Amino acid sequence: MTEKTTGASYAAAGVDIEAGDRAVELMKEWVKKTQRPEVLGGLGGFAGLFDASALKRYERPLLASATDGVGTKVDIARQLGVYDTIGHDLVAMVMDDIVVCGAEPLFMTDYICVGKVHPERVAAIVKGIAEGCVLAGCALVGGETAEHPGLLGPDDFDVAGAGTGVVEYDRLLGADRIRTGDAVIAMASSGLHSNGYSLVRHVLFERAKMSLEGHVEELGRTLGEELLEPTKIYSLDCMALTRTAEVHAYSHITGGGLAANLARVIPDHLHATVDRSTWAPGAIFDLVGKAGQVEQLELEKTLNMGVGMMAVVPQESVDVALTALADRGVDAWVAGEILDRGDHAEGATMTGSYAS
């Protein structure tokens, strides 16, 4: 008698369709909280719909788009089993790039890749994304959850997203507006944000042998809590500042560090200087530097050093800008200025020593 064999199935290959459907049901309530009047339909369609007739109020609307992920910070979330904050990081990485040109964030989509669908876990990730979208003023119009058994471990995951915004052509911010004598305003970061975690993980875990659960006196909390601190989302703050004061440019401080990102918005004939003595980076930056014996320049080209966003404004707008940011609870200060290029070979440089 021959043994009866069972036919192959998607479930046997490791993909659980029913778990995916349950994840969608669990995330619907969070996605609903992000809706704007221009969004049509609900979650579950093949495409998110956004009523473009809303753009008729613009004379020459420019659509701005960006896409990004969170990087190896997701591994910290996985190790700690905390999934409802990583979405804030994703929204910040995408929408704060969009607002740099003066664009209003409109909508976003996400992509969540997992080794195995745990519905509550996926819903927690989407919860964080939805909360981030509310903070950025945009709608979450759709996304995709993909199960990749065999490629990823059962608890492994990654997230990515794409966003769209709009700006009036004659309100576009950037290098063309910057002038000699403009002030550079720094806005404080909430910590490491979402860049440089490969260096951070190497230094703190492999070299210093630190534990995520261990309390760190300098930080005033556990290392895991510090490393999972969500990225600050500046979108609505920047939009409000643009309405209140004259702004020439923004720079989102992400991978590459402060000077390199600021240089991206400085015209070729001008140069930006940033004075380190105007602020003191948070304790986490000092911890990474000392634990790994990381040179200052290496830290500065990898981490944000306590600054998450910068605005370039004319001198006459400085007081109004600082007041407007303070009213919104944003810690901000004048950190530098725009000069003629002169003999400077780079678009932006750091000067002085950090305040203690």
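Which residues in α3 meet which residues in α7?

Hello everyone. What we have here is a predicted model, where local features need pLDDT of at least 70, side-chain atom pairs count only at pLDDT 80 or more, and totals for chains, interfaces and linings use all residues. Residues are numbered from 1 along each chain as its sequence is written, and side-chain values use heavy atoms, with hydrogens and water left out.

First, the overview. The protein has eleven helices and 14 strands; helices (H or I, at least four residues) and strands (E, at least two) are DSSP runs, numbered from the N terminus. There are 356 residues, and 50% of them count as buried. Buried means under 20% relative accessible area, exposed means over 50%, and partly exposed is in between, with a 1.4 Å probe and protein chains only. If we take contacts between residues at least 6 apart in sequence, 85% join residues at least 24 apart; contact means heavy atoms within 4.5 Å.

Now, the sheet. Six strands make an open, mixed sheet, in the order β10-β12-β7-β13-β11-β14. Two strands pair if DSSP finds at least two bridges between them. At the edges stand β10 (249–252) and β14 (348–351), each with a single partner strand, so one side of each has no neighbour in the sheet. From one strand to the next, the twist averages 25 degrees. Angles like this run from 0 to 180 degrees between N-to-C directions, and axes are lines fitted to C-alpha atoms, for helices over the stretch in contact.

Have a look at β7 (residues 183–188) and β12 (residues 307–313): they run antiparallel and are joined by six bridges. In that pairing, M187 stands opposite M309 in β12. Helix α3 (residues 86–99) packs on the sheet, touching β10 and β12, and its direction makes about 160 degrees with that of β10. Helix α7 (residues 235–244) packs on the sheet too, touching β7, β10 and β12, at about 165 degrees to the direction of β10.

That brings us back to my opening question. M95, D96 and V99 of α3 meet S235, C238 and M239 of α7. By class, this contact has four nonpolar, one polar and one charged residues. For the classes, Ala, Val, Leu, Ile, Met, Phe, Trp, Tyr, Cys and Pro count as nonpolar, Asp, Glu, Lys and Arg as charged, and the others, Gly among them, as polar. The α3 and α7 axes are 9 Å apart, at an angle of about 15 degrees, which makes α3 roughly parallel to α7. The cut-offs are these: under 35 degrees is roughly parallel, over 145 roughly antiparallel, 65 to 115 roughly perpendicular, and the rest oblique.

Here is another pair to set beside that one. Helix α2 (residues 73–80) and helix α5 (residues 197–207) pack at about 50 degrees, with axes 8 Å apart, and are therefore oblique to each other. K73, D75 and I76 of α2 make the contact with Y197, R201 and F205 of α5. Those residues divide into three nonpolar, no polar and three charged.

Next stop, helix α9 (residues 283–292), where we find V288. Is V288 buried or exposed? It is buried, with a relative accessible area of 0%. Apart from its neighbours within four places in sequence, V288 is in contact with V200, V203, L204, V294, L299 and L303. V288 and A208 are 80 residues apart in sequence, yet 9.4 Å apart in space, C-alpha to C-alpha. The buried residues of α9 are I284, F285, L287, V288, G289 and G292, and their cover includes α5, β8 (215–216), α6 (223–227) and α10 (296–300).

Most residues other than glycine have a negative phi. Just after α9, however, Q293 takes a positive phi of about 50 degrees. K209, in the loop between α5 and β8, has a positive phi near 55 degrees and counts as exposed at 64% relative accessibility. M305, in the loop between α10 and β12, also has a positive phi, about 55 degrees, but M305 is buried, at 6% relative accessible area.

Finally, T254 lies in the loop between β10 and α8 (257–263) and is buried, at 12%. Beyond its neighbours within four places in sequence, T254 is in contact with M93, N195 and N261.
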